[in-house]
Structure formats: structure tokens, C-alpha cells
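Subject: Structure handover

Hi,

My notes follow below it.

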Amino acid sequence: QLQLVESGGGLVQPGGSLRLSCAASDGTLARYAVGWFRQAPGKEREEILCISSSGYADSVKGRFTISRDNAKNTVNLEIDNLKPEDTAVYSCAVPPPYYACPGYVAAYDYWGQGTQVTVSS
């Protein structure tokens, strides 16, 4: 079973930046579209960005940038100018292999455990 692992979270001051990474335990992440999501306390999970297995994506959404590094078997999410309202658990997820970015949460098959991002001074 595919296992996804997120890393790079932590405590950051407002205005700072973070780079989150999503990796697959079996080295096959290049086969999958990968979506990044976040869920803040008391709020619904929201999709931030998704990148296809071929690297196609709306790669930038405001302060968020998604990219693939197939050599390292990771998909990265960079967040700039962090704000307290960005505090959340950030997770990556994949749909079935070689699917395009689904556009809805239910289509994602595998999820990582998430990494906590806390923005506070």
C-alpha cells in the first residue's frame, strides 16, 4: 500500500516562508498527480494546489507554489509570506496512478499523516 510522508512543517514567524515536501515510501510518486491540502482547527479541509504526474499544474496560487522533483521523488509546496491564518495541518494526497488532478477530495485514494504548520510570533 502506498504511503505518503510529509515533512517541512514547524513554527514560523509571520512573514516567513516554508517548503513542505511529500514523498512516497516506495519511490513511485512520479506516477501520481499530487494534491496539497490543509485543515485548520474547526474548519473543513481545503485543497491548495495539485500537480499532475507530467508536471502540469496551475503552479502558483497566491503565496503558494507547487513543484515536482522527480529525481528526489518529492512534490513540494512553498508558502511565502506566512500569516497566522495559514496555521493548519498540511497533507498531501494522490488519486489513482496517472490520473489527472481530480478537482475534488473524494477522488484522492491515499493520504499522508500531515505536517503541522504554526504561524505565530
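Where is the place of Pro97? Pro97 sits in the loop between strand 9 and strand 10 (110–111). Strands here are DSSP runs (E, at least two residues), numbered from the N terminus.

Before the rest, some ground rules. This is a predicted model, in which local features need pLDDT of at least 70 and side-chain atom pairs count only at pLDDT 80 or more, while totals for chains, interfaces and linings use all residues. Residues are numbered from 1 along each chain as its sequence is written, and side-chain values use heavy atoms, with hydrogens and water left out.

**The loop**

Pro97 is partly exposed, at 39% relative accessibility. On this scale, buried is under 20% relative accessible area, exposed is over 50%, and partly exposed is in between (1.4 Å probe, protein chains only). Leaving aside residues up to four places away in sequence, Pro97 touches Arg31 and Tyr32. Contact means heavy atoms within 4.5 Å. Asp109 is 12 residues from Pro97 along the chain, and their C-alpha atoms are 9.7 Å apart.

**The cores**

A nonpolar core is a set of buried Ala, Val, Leu, Ile, Met, Phe, Trp, Tyr and Cys residues joined through side-chain atoms within 4.5 Å. The largest one has 27 residues. Leu4, Leu20, Val34, Trp36, Leu77 and Tyr90 have the most contacts inside it. Among the elements giving two or more residues to this core are strand 3 (18–24), strand 4 (34–39) and strand 9 (88–94). A second, separate core has 5 residues, including Phe37, Cys50, Ala93 and Tyr108.

**The aromatic rings**

The whole structure holds 3 aromatic pairs. Rings of Phe, Tyr and Trp (its six-membered ring) pair if their centres lie within 6.5 Å; planes under 30 degrees apart are stacked, over 60 edge-to-face, and the rest tilted. One of the pairs is Phe37 with Trp111: tilted, 4.6 Å centre to centre, 50° between the planes. Phe37 lies in strand 4 and Trp111 in strand 10, so this pair ties together parts 74 residues apart in sequence. Phe37 is buried, at 1% relative accessible area. Trp111 is partly exposed, at 26%. Tyr108 also pairs with Trp111, again tilted: 6.0 Å and 55°. Tyr108 is buried, at 5% relative accessibility. Phe37, Tyr108 and Trp111 form one aromatic cluster.

Which residue lies over the face of Trp111? Arg45 does, at 3.9 Å from the ring centre. The criterion is NZ of Lys or CZ of Arg within 6 Å of the ring centre and within 35 degrees of the ring normal.

Best wishes

Notes:
Helix = DSSP H or I, 4+ residues; strand = E, 2+ residues; numbered from the N terminus.
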